[in-house]
Amino acid sequence: MLDPLAGIGPLRFGMDSDEVRAALGGASGSGSQVARDGSFYESYNDSGLTLLYVPGMLLAGVAVHAEVGPGVSLAGVELMDQVPSEVSADLHRLARGQKVRVGLNRGGDPEIAAWGLSMGAVQAWDTSAEGYPVRTDRAITQVLVCAPELADDPYATDLVTLWRDIREEPKNAGGWPVTVDQDRAWWEWTPLEGVGPLRFGMTVDEVIAALGEEEPAARRGFFPHHFRGYGQWYLEEDRFDAAGLTAHYWMRDGRPTLAAVTLHGRTGPQVVHDGMKLIGQKVTALDAALIERAERGDIDLVIGCSGDLGIHGCNMYVRSVREGDGMVSAARFCHADWEDHG
């Protein structure tokens, strides 16, 4: 149960890391990262938790992950593994009764500073008749709960950003429109070479020119050293909102060149391959179509890091993106030597 601004279940904000481990029955973390100021996060994958600590190793936030994390409730409202719009409606009702303001986080989900609560949603998975995990067309809820020092705007704080940096992601105002096919560009795909006007090996300037001189809405990169801000910054990707795609780069001959393109599911260009529309479709229908072709012997399937199905030898992966309470298909097209990064 969530105790707003105080803790969740046996975990109390202000506990040190040893007290947290004891509260979790002696569980050990499975990965962590530390910032220069001493704040850090620690993952407990078996428990479905990520724990966020401020300097002094004091617990200040808990991310509870869908499907594998424990149940979380607030005033009788179950927050985990639910339909996002239904949870949102219940939280708005509770907030009105307590005269508490409900905001929106960058993902378009409720964020309530008075309760230290920020909602989120992810892909729901199921189990096939053969016993292996399969994607569904549903999104389900998960939560981030925070101590007072993080509650006002969690995803703008350095600590939460250390764990999950979403500052360069498009801000969602709570709506999830999906562009209809007749309003999308229709692009050709040449496996291992490029998609639409984009060709692998293009420079950053050539990509921008091929997209009609559209400037990136956001850029993401990294410093090669552990602490951010030290050393040369390397460009990883540019997001183009008007074109509906993200360009992914790798370093070749000392400069970033195009190595992969992700067409956005809600807004990106449409691509048809072997009679299958790859963009903006129901994920389960597209997965079923790929499996059918594999069973006929027409293609061989590969699975990406996030469980995305792809076509062997083509380095293309069908991805999924949220559309409100559901999911729609996106696609990533890659150079022959590019590894899918999930």
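**A walk through the predicted model**

K99 is found in the loop that connects helix 2 (84-98) to strand 10 (103-104). The phi angle of K99 is near 55 degrees, a positive value in a residue other than glycine. Most residues other than glycine have a negative phi. K99 counts as exposed because its relative accessibility is 78%, and the cut-off for that class is over 50%.

With a relative accessible area of 83%, D253 is exposed.

In soluble globular proteins, nonpolar side chains tend to be buried together. The largest nonpolar core of this model has 46 residues. Those with the most contacts inside that core are L51, V62, L79, L91, W115, L117 and V143. Two or more residues each come from strand 5 (40-44), strand 6 (49-54), strand 7 (58-64), helix 2, strand 12 (117-127), strand 13 and helix 4 (158-163). A second, separate core has 34 residues, including I208, V271, I311 and M316.

Leaving aside residues up to four places away in sequence, L91 touches L74, L79, V102, P110, I112, W115, L117 and M119.

Strand 7 pairs with strand 6 in the antiparallel sense over 6 bridges, and L51 has V62 in strand 7 as its bridge partner. The hairpin of strand 6 and strand 7 has 3 residues between the strands, and there G56 takes a positive phi near 100 degrees. Strand 7 also pairs with strand 13, in the antiparallel sense and over 4 bridges. In that pairing V62 stands opposite V145 in strand 13.

Strand 13 leads on to a pocket. The second largest pocket has a volume of about 310 Å³. It is lined by 15 residues, of which Y132, P133, V134, I291 and L309 are the closest to its centre. Strand 13 (133-146), helix 6 (283-296) and strand 24 (301-303) each supply at least two residues of the lining. Helix 6 gives the most, with 4 residues. By class, the lining of this pocket has 9 nonpolar, 3 polar and 3 charged residues.

One has the order 1-2-3, and its pairing is antiparallel. Strand 1 (2-3) and strand 3 (11-12) stand at the edges; each has a single partner strand, so one side of each is left without a neighbour in the sheet. Strand 1 is joined to strand 2 (residues 7-8) by 2 bridges, and the two run antiparallel. L2 stands opposite I8 in strand 2.

The other open sheet has the order 14-22-23, with mixed pairing. Its edge strands are strand 14 (186-187) and strand 23 (276-277), each of which pairs on one side only. Strand 14 and strand 22 (residues 270-273) run parallel and are joined by 2 bridges. Here W186 stands opposite Q270 in strand 22.

How values were computed. Residues numbered from 1 in each chain as written. Predicted model: local features only at pLDDT ≥ 70, side-chain atom pairs only at ≥ 80, totals over all residues. Heavy atoms only, no water. 1 Å grid on protein atoms, 1.4 Å probe; cavity = no way out; pocket = protein on both sides within 12 Å on 5 of 7 lines; lining within 4 Å. Points joined across faces, edges and corners; volume = space filled by probe spheres on them. Nonpolar A, V, L, I, M, F, W, Y, C, P; charged D, E, K, R; others polar. Pairing = 2+ DSSP bridges. Buried < 20%, exposed > 50% of the residue type's maximum accessible area, 1.4 Å probe, protein only. Core = buried A, V, L, I, M, F, W, Y, C linked by side-chain atoms within 4.5 Å. Contact = heavy atoms within 4.5 Å.
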